[in-house]
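Welcome! Let us take a friendly walk through the structure shown below, from its surface patches to its aromatic rings and a few backbone details.

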Amino acid sequence: MDSYLIYKSLHLISVISWMAGLLYLPRIFVYHAENSQTDLISEIFKTMERKLYFFIMYPAMLLSWFFALIMIHKNSSLLTFGWMHMKILLVIFLTIYHLYLGSCLKNFKNNNNSKSSKFFRVTNEIPTILLILIVFLAILKPF
């Protein structure tokens, strides 16, 4: 069996898990921002946010990068394509967005959130747009 295809499969599994978290965590933030005055509900959201971020999203992000780097190492010619450069740049933006969500998580944890539920509804579209662009780049390889 081709090890490259195994790494590619593990990469896709990790990316799917990471994306699920990137799409779900801001939605939890929406509800948390709307219910932050109720201590019991706020504590439940804090637990959900922390577990999603640290036990699912963060490991999935690290594994996504890990398997991607292995694939690039096994097939370094990938770095000669413009579409791959653009894909890597978009994944870096996705990683920055992930880390930004971590700072939002910290603000909620410390009861310092100043963002509205509407803000989180809007920012929740960022990973969707990046995902669409990344998938089209990876499949169509336009340049």
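## A walk through the model

Phe-93 is found in helix α3. Helices here are DSSP runs of H or I with at least four residues, strands are runs of E with at least two, and both are numbered from the N terminus. This is a predicted model, in which local features need pLDDT of at least 70 and side-chain atom pairs count only at pLDDT 80 or more, while totals for chains, interfaces and linings use all residues. Residues are numbered from 1 along each chain as its sequence is written, and side-chain values use heavy atoms, leaving out hydrogens and water.

**The overall picture.** The protein chain has five helices and zero strands, running α-α-α-α-α from the N terminus on. Its C-alpha atoms fill a box of roughly 55 × 30 × 15 Å along the principal axes. Of the 143 residues, 36% are buried. Buried means under 20% relative accessible area, exposed means over 50%, and partly exposed lies in between (1.4 Å probe, protein chains only).

Together with Met-86, Leu-89, Ile-92, Ile-96 and Phe-143, Phe-93 forms a nonpolar surface patch with about 550 Å² of accessible area. Patches are made of residues with over 30% relative accessible area and no salt bridge, joining like charges within 9 Å and nonpolar side chains (Val, Leu, Ile, Met, Phe, Trp, Tyr) within 5 Å. Accessible areas come from the Shrake-Rupley method with a 1.4 Å probe, and for residues only the protein chains shown count as cover. A salt bridge is a side-chain nitrogen of Lys or Arg within 4 Å of a carboxyl oxygen of Asp or Glu.

Which residues form a positive surface patch? They are Arg-50, Lys-51, Lys-106 and Lys-109. Lys and Arg count as positive and Asp and Glu as negative, while His and the chain ends are not counted; the place of a charge is NZ of Lys, CZ of Arg, CG of Asp or CD of Glu. Helices α2 (39–74) and α3 (82–109) each supply at least two residues of this patch. Arg-50 sits in helix α2 and is partly exposed because its relative accessibility is 39%.

**Aromatic rings.** Rings of Phe, Tyr and Trp (its six-membered ring) pair if their centres lie within 6.5 Å; planes under 30 degrees apart count as stacked, over 60 as edge-to-face and the rest as tilted. By this rule there are nine aromatic pairs. Two of them are set out here.

| Pair | Centre distance | Plane angle | Type |
|---|---|---|---|
| Tyr-53 and Phe-54 | 5.0 Å | 85° | edge-to-face |
| Phe-108 and Phe-120 | 5.6 Å | 35° | tilted |

The second pair links distant parts of the chain, with Phe-108 in helix α3 and Phe-120 in helix α4 (residues 117–123), 12 residues apart. Phe-108 is buried at 3% relative accessibility, and Phe-120 is buried at 0%.

**Backbone details.** Most residues other than glycine have a negative phi. Asn-111, in the loop between α3 and α4, has a positive phi near 55°, and this residue is exposed at 58% relative accessible area. Lys-141 also has a positive phi, about 45°. Lys-141 lies in the segment after α5 (126–140) and is partly exposed at 44% relative accessibility.
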